[in-house]
Amino acid sequence: MLPTESKKALSFKRCIEDGDLVIVYERHDVMKPVKVSKDAVLQNRFGVYKHSDWIGKPLGTKVFSNKGKFVYLLAPTPELWTLVLSHRTQILYIADISFVVMYLEVVPGCVVLESGTGSGSLSTSLARAVAPTGHVYSFDFHEQRAVSAREDFEKTGISSLVTVEVRDIQGEGFPEKLSGLADSVFLDLPQPWLAVPSAAKMLKQDGVLCSFSPCIEQVQRTCEVLRSDFIEIRTFEVLLRTYEVKEVKMDTSSMVGESHEEDNEGMRPCKRKHRSNEDVTVSQDNSSNATSVVMARPCSEARGHTGYLTFARLQCLA
Amino acid sequence: MELNKDQTVMSEDKKPQDPNPRFACEGCSVLLDVNDGDRLVFARLSGGAILKIGNKNYSLKPLIGAPFGSLFQVETGEDGSFLSRILPIKQENSSNNVMEDSRDNREIVDNNEAQNLTGEEIEAMRREGAKGDEIIEALIANSKTFDKKFQLSQEKYKLKKQKKYAPKLLLRRPFARSICEAYFKKYPARIGFLRVDALSLLLTMANVTAYSDVLVVDMVGGLVTGAVAERLGGTGYVCNTYKGNSPYPVEMVRMFNFSDKVLERIVQSSIKELSSANTASPEGNNQQEGVCNAENNINETSSTSDIMVEEISATTEAGVVDIVVPESKVIKAAKAGAKASKETIEMWRENGFSSLIIAAQDQDPWSIAKDVLPLLSYSAPFVIYHQYLQPLATCMHKLQQGKMAINLQITEPWLREYQVLPSRSHPHMQMSSFGGYVLSGIRISTT
């Protein structure tokens with residue numbers, strides 16, 4: 001997934017090979033990760049796709065099914081991976097992930113601790129940020145989840161950057177061997193305040209901690225504990241609003257003068273909508289009354305809450 | 001010429017090559033946070049650097065060698081006031097029983113008679129070398145209303161007086177995050193109203209990581225260029241491209257504490273140079289470059305003078321974002337943005353860029369995108385930032401029609417900060433309601 005493996009880096013010359021992980025893109029909301037294997041096929045509602053047809057083609061191209069329908073094959077990125085990974089837990093999405101990586105001041109070479117691993121959505125982005133020389137230590141108390149996460153990191157080619165361990169961070173704290181080595185710590189735990197004292201031990205001076213919690217009561221308790229060793233304690237909520245873009249035919253004739261007799265019915269929206277097709281035909285004749293305009297408006301539904309992000313900086317005592 | 005001089009200065013300074021330096025050394029760029037974010041100042045540390053707080057000048061010399069994250073307070077000694085490092089006092093959870101405090105503001109009358117100490121008396125205390133904390137204690141002792149105040153108002157009162165009589169200064173490392181926040185607070189128009197959450201989205205959506213070749217169109221003063229370079233950590237390239245003959249200024253890159261290794265990875269090249277195939281006659285090319293270099297130099301001198309104006313004005317009006325220049329010797333960071341070498345341009349022609357970020361104010365996104373998008377590898381992600389929605393909508397529509405990209409989406413980040421205190425948690429009363437729009441997508445092969 002990352003260009004640290006130089007032969008897999010994106011390039012005009014880079015062609016799909018046997019064993020590659022690709023993202024099969026049908027639509028922006030229908031995507032699937034597929035491991036290319038020369039004898040395998042992909043079957044979806046559009047028909048059957050032979051992997052052998054894909055090998056040797058550049059990434060970002062269309063491939064066709066036996067019924068002549070196409071999908072795109074894309075190179076995996078942490079963003080696409082977040083959209084296709086199997087949800088073993090509630091995951092972090094792009095807005096929170098981006099903000100966390102920026103606010104934790106993660107740059108190449110950093111050592112970052114994370115708990116829990118969950119589905120590995122954030123871990124993948126953290127790995128991208130610390131590459132090529134840094135490392136992410138991720139902890140989860142759930143044995144099976146840790147195993148699945150390791151398998152995923154193997155699949156996406158970031159396993160050399162992420163170490164997953166089974167450990168109850170709330171109960172036991174982070175392992176002593178990492179004491180004073182972490183540039184940043186990320187907590188996504190039900191009772192993060194229990195892990196704060198251990199996180200403080202792990203951090204280098206001036207290191208940054210982030211705690212993600214869906215409920216304000218969790219934030220409240222975490223902040224109370226943070227105040228003893230941390231400064232610059234700040235809590236945020238970050239969300240995304242998406243827009244839909246459409247080309248719309250707009251009747252631009254004025255209500256007075258040049259208008260058609262139907263314009264008197266403008267007070268009744270239903271009727272008017274009904275007539276819009278005719279209006280367009282008329283306007284094409286006159287070529288002045290209806291113009292097509294590209295317009296944007298926010299999508300009607302959006303994620304309204306993910307969690308609160310609390311950041312804090314370890315006090316500098318030395 | 002000047003470039004060479006700068007470089008010698010830098011190498012003499014032995015700038016640490018640690019990717020993540022933890023100490024503020026002489027000659028490095030630092031961010032000074034006065035009174036918990038009330039004022040943010042960028043400074044380059046040297047023995048002669050001076051910062052004005054209130055109506056007094058303070059030498060920044062005590063900051064040299066201190067770890068980032070250190071706290072300083074104004075102290076008065078025999079030779080006047082100076083900055084002195086303080087170790088933080090552990091705060092005990094004292095305000096847990098706020099709800100039981102029954103005092104309120106019924107007895108507080110705003111008649112300006114609450115304080116018995118006069119301005120002259122306070123000034124006299126200061127002259128005699130009283131510490132800031134002592135003045136605050138005296139103010140509280142002489143306040144008729146302090147005891148009647150609600151516990152929380154008492155805390156607020158103390159904080160207000162502390163800021164005035166015992167200002168604190170926090171030494172911070174400049175990062176993309178803090179640089180963006182500081183500019184957004186003071187000069188949002190200079191960075192095209194690009195808020196820190198929007199900047200973080202750009203970096204994420206453009207898949208910026210070590211060993212990538214990121215093409216940027218940075219018309220926000222170098223903020224995007226610097227933020228990308230920070231994530232590359234001295235590998236790959238960030239190539240700043242531009243229309244016409246003169247590159248866009250990237251002076252904000254100086255605020256980051258980049259090592260030479262990182263700075264070498266920041267290059268520039270015009271859209272024309274990047275797009276032209278090898279068909280142009282070599283002679284014509286040379287001539288073209290001669291013109292470019294001449295204009296570059298002009299551009300560099302003019303942008304330097306811009307910075308000087310900013311520096312001078314900073315000393316007269318106490319802004320949130322100032323730049324402090326040492327009085328005696330100006331130590332400058334090495335210049336970023338050398339011309340991309342022929343070999344590198346050739347490499348990009350063969351392989352394509354691995355991602356693209358456009359943050360071009362006053363430019364139509366589509367007219368840039370249509371020229372630079374073909375420079376990207378297939379399946380490469382791109383992002384276009386703009387402070388207006390309409391041009392992005394038009395751009396997205398044209399990309400869709402031209403079947404040049406998939407996974408197209410316009411998003412607008414929304415960021416809200418919270419006050420979290422025992423029994424007093426709520427969103428901040430004031431918030432930024434706009435941080436820009438982002439169009440993202442993935443380039444596809446049309447063949």
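Tutor: Let's start in chain B, where α3(B) and α4(B) pass each other in a right-handed crossing. Helices are DSSP runs of H or I with at least four residues, strands are runs of E with at least two, and both are numbered from the N terminus. Keep in mind that this is a predicted model, where local features need pLDDT of at least 70, side-chain atom pairs count only at pLDDT 80 or more, and totals for chains, interfaces and linings use all residues. Residue numbers run from 1 along each chain as its sequence is written, and chains are lettered from A and ligands numbered from 1 in the order in which they are written.

Now the geometry of that pair. The axes of α3(B), residues 132-141, and α4(B), residues 151-165, come within 9 Å and cross at roughly 140°. (Axes are lines fitted to C-alpha atoms, for helices over the stretch in contact, and angles run from 0 to 180 degrees between N-to-C directions.) That angle makes α3(B) oblique to α4(B); under 35 degrees would be roughly parallel, over 145 roughly antiparallel, 65 to 115 roughly perpendicular, and the rest is oblique. On the α3(B) side, the contact is made by B:G132, B:I135, B:I136 and B:L139, and on the α4(B) side by B:K158, B:K161, B:Q162 and B:Y165. Contact requires C-beta atoms, placed from the backbone, within 7 Å. Sorted by class, these are four nonpolar, two polar and two charged residues. (Ala, Val, Leu, Ile, Met, Phe, Trp, Tyr, Cys and Pro count as nonpolar, Asp, Glu, Lys and Arg as charged, and the others, Gly among them, as polar.)

Over in chain A, helices α3 (94-103) and α4 (121-130) have axes that come within 10 Å and cross at roughly 40°. The α3(A)/α4(A) crossing is right-handed. Here A:I97, A:V100 and A:V101 of α3(A) meet A:L122, A:S125, A:L126 and A:A129 of α4(A), giving six nonpolar, one polar and no charged residues.

To put that pair in context, chain A holds nine helices and 14 strands. Among its sheets is an open one of four strands, in the order β2-β1-β6-β5 with antiparallel pairing; strands pair if DSSP finds at least two bridges between them.

Terms used:
A crossing is left-handed if the near helix is turned anticlockwise from the far one by less than a right angle, and right-handed if clockwise. Two residues are in contact if their C-beta atoms, placed from the backbone, lie within 7 Å.
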